[in-house]
Amino acid sequence: MGSLIALIIAISPIIYYSYESFPDVKVWETSLFTYDSSYYESVQTSAYWIMSKLMPLIFLILWFITCKDWWYHVILIPIAMYIFQLTSIINDDIQSVDEVEIYYVLPVMMIIVPIVYLIRIKLFDKYVYGIDLKKIDAELAEYERKEQEMEEANK
């Protein structure tokens with residue numbers, strides 16, 4: 001797995017600059033498909049914009065997969081942003097790029113940020129302040145058990 005990740009990172013400049021190998025025409029016809037770059041007026045320009053969003057997306061996904069820190073879920077926020085940007089670039093009917101994606105990313109942020117904050121609180125309580133909630137629950141259960149025994153003995 002590490003070798004595959006290293007290979008992807010090593011060839012990333014080649015992947016990024018692959019947009020230069022696309023023809024500088026509005027309509028690209030091959031035996032498999034026809035691509036009409038109606039918005040960008042050039043297949044090469046379309047490929048440039050796709051690569052400019054795809055490469056950071058690939059790096060962020062690799063970072064998310066390999067990150068061992070407690071806050072790694074926050075990386076999903078820029079991943080979502082780049083996915084929305086890439087989707088809007090691929091959609092030929094767009095009027096502008098990088099303007100309204102924040103409205104789609106906000107719901108993702110509203111879910112991920114509180115989850116990451118709750119994880120942080122639990123980690124801080126356990127490792128920084130030494131508060132172990134399982135031990136506290138066990139002590140409370142033991143205390144309640146002793147109270148019940150005392151109540152039964154007093155009856």
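A crossing is left-handed if the near helix is turned anticlockwise from the far one by less than a right angle, and right-handed if clockwise. Helices (H or I, at least four residues) and strands (E, at least two) are DSSP runs, numbered from the N terminus.

The model is predicted: local features need pLDDT of at least 70, side-chain atom pairs count only at pLDDT 80 or more, and totals for chains, interfaces and linings use all residues. Residues are numbered from 1 along each chain as its sequence is written, and side-chain values use heavy atoms, with hydrogens and water left out.

Start with helix packing. Two packed helices are described by the angle between their axes and the distance between the axes. Here axes are lines fitted to C-alpha atoms, for helices over the stretch in contact, and angles run from 0 to 180 degrees between N-to-C directions. Helix 1 (residues 2-10) packs on helix 3 at about 155°, and their axes are 11 Å apart. The two are therefore roughly antiparallel. That label covers angles over 145 degrees; under 35 is roughly parallel, 65 to 115 roughly perpendicular, and the rest oblique.

Which residues of helix 1 and helix 3 meet? Helix 1 brings Ile5, Ile8 and Ile9, and helix 3 brings Ile58, Phe59, Leu62 and Thr66. Contact means heavy atoms within 4.5 Å. By class, this contact of helix 1 with helix 3 holds 6 nonpolar residues, 1 polar and no charged. Ala, Val, Leu, Ile, Met, Phe, Trp, Tyr, Cys and Pro count as nonpolar, Asp, Glu, Lys and Arg as charged, and the others, Gly among them, as polar.

Helix 3 (residues 43-66) also packs on helix 4 (residues 76-90). Their axes come within 9 Å and cross at roughly 155°. That makes helix 3 roughly antiparallel to helix 4. This crossing is left-handed too. Among the contact residues are Trp49, Leu57 and Phe64 of helix 3, and Tyr82, Leu86 and Ile90 of helix 4. The contact of helix 3 with helix 4 has 16 nonpolar, 1 polar and 1 charged residues.

Now the charged pairs. Side chains of opposite charge can pair when their charged atoms come close. A salt bridge is a side-chain nitrogen of Lys or Arg within 4 Å of a carboxyl oxygen of Asp or Glu. How many does the whole structure hold? The search finds 3 salt bridges.

One joins Glu41 and Lys26, at 3.9 Å from N to O. Glu41 lies in the loop between strand 2 (34-36) and helix 3, and Lys26 in the loop between helix 2 (12-16) and strand 1 (27-29), so the pair ties together parts 15 residues apart in sequence. Glu41 is partly exposed at 49% relative accessible area. Lys26, at 35%, is partly exposed as well. Buried means under 20%, exposed over 50%, partly exposed in between (1.4 Å probe, protein chains only).

Turn to helix 6 (residues 133-154). Arg145 and Glu142 both lie there, 3 residues apart, about one turn. Their side chains form a salt bridge at 2.3 Å, N to O. Arg145 also bridges to Glu149, with the closest N and O atoms 2.3 Å apart. Shared partners join Glu142, Arg145 and Glu149 into one network of salt bridges. Arg145 is partly exposed at 37%, Glu142 at 32% and Glu149 at 42%.
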